[in-house]
Amino acid sequence: MTEQIGIRCALMRGGTSKGAYFLASDLPDDPAARDRILLAALGSPDPRQIDGIGGAHPLTSKVAVVSKSERPDCDVDYLFLQIVPDKPIVSDKQNCGNILAGVAPFAIERGLVRPSGERTTVRVYMVNSDSKAEVTVETPDGRVRYDGDVAIDGVPGTHAPVTQAFLDTEGSACGALLPTGRTMDEIDGVPCTLIDNGMPVVVLPASALGLTGYEDADALEGDAVLKERLERIRLAAGPLMGLGDVRAQTVPKLTLVAPPRDGGMICTRTFTPFSLHASIGVLGAVTVATACLLDGSPAHALAAVPPGPSKLCDVEHPSGRLTVALEIDTAAAGFKLRRAALVRTARLLMDGTVFVTPAAQA
């Protein structure tokens with residue numbers, strides 16, 4: 001009889017997501033073997049994920065695989081894996097900026113990075129997008145601080161800040177900020193912007209789909225006709241964005257935009273793509289905010305864009321808003337983003353051992 005195997009794992013909340021964090025050295029090197037174990041650990045495929053530690057929702061069915069980096073300009077490597085709850089799919093085709101918020105604390109907790117004073121900056125190589133981020137956490141007395149007075153929409157209570165700066169995310173998955181070379185395309189009669197600034201996203205006006213863009217989550221989640229049409233648009237966008245056949249992928253995302261109604265820059269409703277996001281992903285927000293800055297895009301026509309080269313962009317979402325700081329290089333020819341930054345929070349929820357059944361070892 002083959003015994004269950006135990007693998008060390010930390011369960012962490014990063015931003016508005018929750019996931020299982022592993023050291024790469026604790027998982028198989030072979031991706032197929034690794035994915036079998038992760039599916040079993042989280043309990044997929046099963047919409048309840050009843051036989052695993054997944055949270056039965058795309059936002060709580062995520063994995064971070066972290067290792068010491070061999071790159072001289074980075075401290076750790078971070079591979080993000082999206083586990084689809086009800087399908088046997090493990091996708092590495094996207095980044096996750098929310099789960100990134102937990103990478104620096106996890107790296108310090110595991111001894112991959114030594115704390116340095118009151119605050120420690122961890123230089124992270126994001127494997128999925130071949131890009132870098134600097135993540136700063138508070139480390140008084142040489143330990144990660146999780147309590148604090150920073151609140152983010154979509155998370156109850158307040159916590160210590162986690163500051164993220166994205167340095168080179170343009171075209172992370174598609175090879176270019178605008179993979180078609182245009183600020184506007186038309187798919188299935190809907191004007192949209194196909195854009196990738198850390199996350200491939202189809203940004204489209206809600207009004208073109210007969211919506212206000214202010215609908216609540218239940219109304220959109222239960223609209224089967226809408227979801228079928230969005231999937232048609234997504235499948236058509238995949239090849240145009242250089243992503244190929246995306247039927248088994250979790251990118252591109254789809255974000256419906258409308259004029260702001262709560263003092264922000266733009267109002268959003270994002271599909272992940274098979275379910276409605278309760279808020280909006282970090283890199284999704286960066287990408288949508290970038291689309292709002294592009295003259296001629298449908299999002300630009302709806303957005304209240306702040307003036308000047310440094311812009312605080314409040315992206316409204318169903319749970320509140322997410323503020324992205326964008327710096328534009330005004331000396332560059334055409335549009336060039338210099339830096340994107342924002343504040344998240346994270347918390348260590350559990351550190352222990354997750355067990356997988358013999359079937360996952362086959």
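This is a predicted model: local features need pLDDT of at least 70, side-chain atom pairs count only at pLDDT 80 or more; totals for chains, interfaces and linings use all residues.

Reader: Where does Thr 345 sit?
Author: Thr 345 is in the loop between strand 16 (337-344) and strand 17 (346-356).

Reader: Buried or exposed, that Thr 345?
Author: Thr 345 counts as buried, because its relative accessibility is 0% and the cut-off for buried is under 20%.

Reader: What is Thr 345 in contact with, apart from its sequence neighbours?
Author: Leaving out neighbours within four places in sequence, the contacts of Thr 345 are Arg 13, Gly 14, Gly 15, Ala 101, Val 150, Ile 152, His 159, Ala 160 and Val 162.

Reader: Switching to Gln 82. Which strand is Gln 82 in?
Author: Gln 82 belongs to strand 4 (residues 76-83). Gln 82 is buried too, with a relative accessible area of 5%.

Reader: And what does the side chain of Gln 82 reach?
Author: It reaches the backbone oxygen of Ser 61, at 3.1 Å. Ser 61 also turns up among the contacts of Gln 82 beyond four places in sequence, including Pro 58, Lys 62, Ile 89 and Thr 250.

Reader: Now rings. How many aromatic pairs are there?
Author: The count comes to one aromatic pair. Tyr 21 and Phe 106 make up that pair, which is tilted, with 5.7 Å centre to centre and 45 degrees between the planes.

Reader: Which parts does the pair of Tyr 21 and Phe 106 tie together?
Author: Tyr 21 lies in strand 2 (residues 17-23) and Phe 106 in helix 2 (residues 97-109), so the pair links parts that are 85 residues apart in sequence. Tyr 21 is buried at a relative accessible area of 0%, and Phe 106 is buried at 1%.

Reader: What about charges over ring faces, say Arg 71?
Author: Arg 71 lies over the face of Tyr 125, at 3.6 Å from the ring centre. Lys 87 does likewise over the face of Phe 274, at 5.1 Å from the ring centre.

Reader: Salt bridges next. How many does the structure hold?
Author: It holds 18 salt bridges. Side chains of opposite charge can pair when their charged atoms come close.

Reader: Give me an example. What does Lys 227 pair with?
Author: Lys 227 forms a salt bridge with Glu 221, and the closest N and O atoms are 2.6 Å apart. Lys 227 is partly exposed at 23% relative accessible area, and Glu 221 is partly exposed at 29%.

Reader: And Glu 231, which residue is its partner?
Author: Glu 231 forms a salt bridge with Arg 234, with the closest N and O atoms 2.8 Å apart. The two are three residues apart in helix 4 (residues 224-240), so about one helical turn separates them. Arg 234 counts as buried, at 0% relative accessibility.

Reader: Last topic, helices. How far apart are the end C-alpha atoms of helix 1?
Author: They are 16 Å apart, which agrees with the 16 Å that the 12 residues of helix 1 (residues 31-42) should span. Helix 1 is followed by Gly 43, whose phi is positive, near 95 degrees.

Reader: What covers the buried residues of helix 1?
Author: The cover includes strand 1 (5-14), strand 2, strand 3 (62-68), strand 4, strand 5 (90-91) and strand 17. Among the buried residues of helix 1 are Ala 33, Arg 34, Asp 35 and Ile 37.

Note on methods
Residues are numbered from 1 along each chain as its sequence is written. Side-chain values use heavy atoms; hydrogens and water are left out. Helices (H or I, at least four residues) and strands (E, at least two) are DSSP runs, numbered from the N terminus. Buried means under 20% relative accessible area, exposed over 50%, partly exposed in between (1.4 Å probe, protein chains only). Contact means heavy atoms within 4.5 Å. Rings of Phe, Tyr and Trp (its six-membered ring) pair if their centres lie within 6.5 Å; planes under 30 degrees apart count as stacked, over 60 as edge-to-face and the rest as tilted. A charge sits over a ring if NZ of Lys or CZ of Arg is within 6 Å of the ring centre and within 35 degrees of the ring normal. A polar contact is a pair of N or O atoms within 3.5 Å; within protein, one must be able to donate a hydrogen and the other to accept it, and residues adjacent in sequence count only if both atoms are side-chain atoms. The expected span of a helix is 1.5 Å times one less than its number of residues. A salt bridge is a side-chain nitrogen of Lys or Arg within 4 Å of a carboxyl oxygen of Asp or Glu.
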